Amino acid sequence: VSTQSTGWYQRRVRGRAELRAIQLAPEGVYVAASTLGSLEALLQFLKDSKINYSGVSIGPVHKKDVMRASVMLQHDPQFACLLAFDVRVEREAQETADSLGVRIFTADIIYHLFDQFMSYKEELKQRRKEQHKNSAVFPCRLRIIPTCVFNSRDPIVMGVTVINGILKGRNTSLCAE
């Protein structure tokens, strides 16, 4: 066995041990990077940005990476995505991601990857907001103006001052003072 191949093997074993030492969250994005150094830089950036990561890999994005990321669809759909930093995405992995509903973000610059993910989270937030706008309750706190009660029976007609909240539509919950 040559010393050159022994050195390569030792670096590979050390790299795998370092990968296992990374603290993963139960819920978070899946991260792939080209090298251990770029992975560490990306993970540090995500940690500083308070974004959890539930899985990591080094090298191209394969179908197994997408399958691991798809687990988050059951827990928190915003994390059902894969951040691929400076790596290529295999065709089979992209097809699997498309069929499962996993988003793959790729970029050669960490900040671009972060921006893509944050705009995706904002898009999901807007979609959820739009989806639940009819079922949401917007409470309102009012103060009745005593000199402006025009009809005290059904229907009650009076003047009010809005203290807190927004008075809109028929289904607004009221708290009068």
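Thr96 is buried, at a relative accessible area of 10% (buried is under 20%, exposed over 50%, partly exposed in between, with a 1.4 Å probe and protein chains only). This is a predicted model, where local features need pLDDT of at least 70, side-chain atom pairs count only at pLDDT 80 or more, and totals for chains, interfaces and linings use all residues. Residues are numbered from 1 along each chain as its sequence is written, and side-chain values use heavy atoms, leaving out hydrogens and water.

**Thr96**

- Thr96 sits in helix α5, residues 91-100 (helices are DSSP runs of H or I with at least four residues, strands are E runs of at least two, and both are numbered from the N terminus).
- Setting aside neighbours within four places in sequence, Thr96 is in contact with Lys63, Val66 and Met67 (contact means heavy atoms within 4.5 Å).

**Aromatic pairs**

- A pair of aromatic rings is described by the distance of the centres and the angle of the planes.
- Rings of Phe, Tyr and Trp (its six-membered ring) pair if their centres lie within 6.5 Å; planes under 30 degrees apart count as stacked, over 60 as edge-to-face and the rest as tilted.
- By this rule there are four aromatic pairs.
- One of them is Phe45 with Tyr111: the ring centres are 5.2 Å apart and the planes are at 90°, so this pair is edge-to-face.
- Phe45 belongs to helix α2 (residues 36-48) and Tyr111 to helix α6 (residues 110-132), so the pair ties together parts 66 residues apart in sequence.
- Phe45 is buried, at 18% relative accessible area.
- Tyr111 is exposed, at 53% relative accessibility.
- Phe45 also pairs with Phe114, edge-to-face, at 5.1 Å centre to centre and 90° between the planes.
- With Phe45 in helix α2 and Phe114 in helix α6, this pair ties together parts that are 69 residues apart in sequence.
- Phe114 is partly exposed, at 22% relative accessibility.
- Phe45, Tyr111 and Phe114 make up one aromatic cluster.

**Cysteines**

- A search of the whole structure turns up zero disulfides (a disulfide is a pair of cysteine sulfur atoms within 2.5 Å).
- Cys81 is buried, at 0% relative accessibility.
- Cys148 is partly exposed, at 23% relative accessibility.
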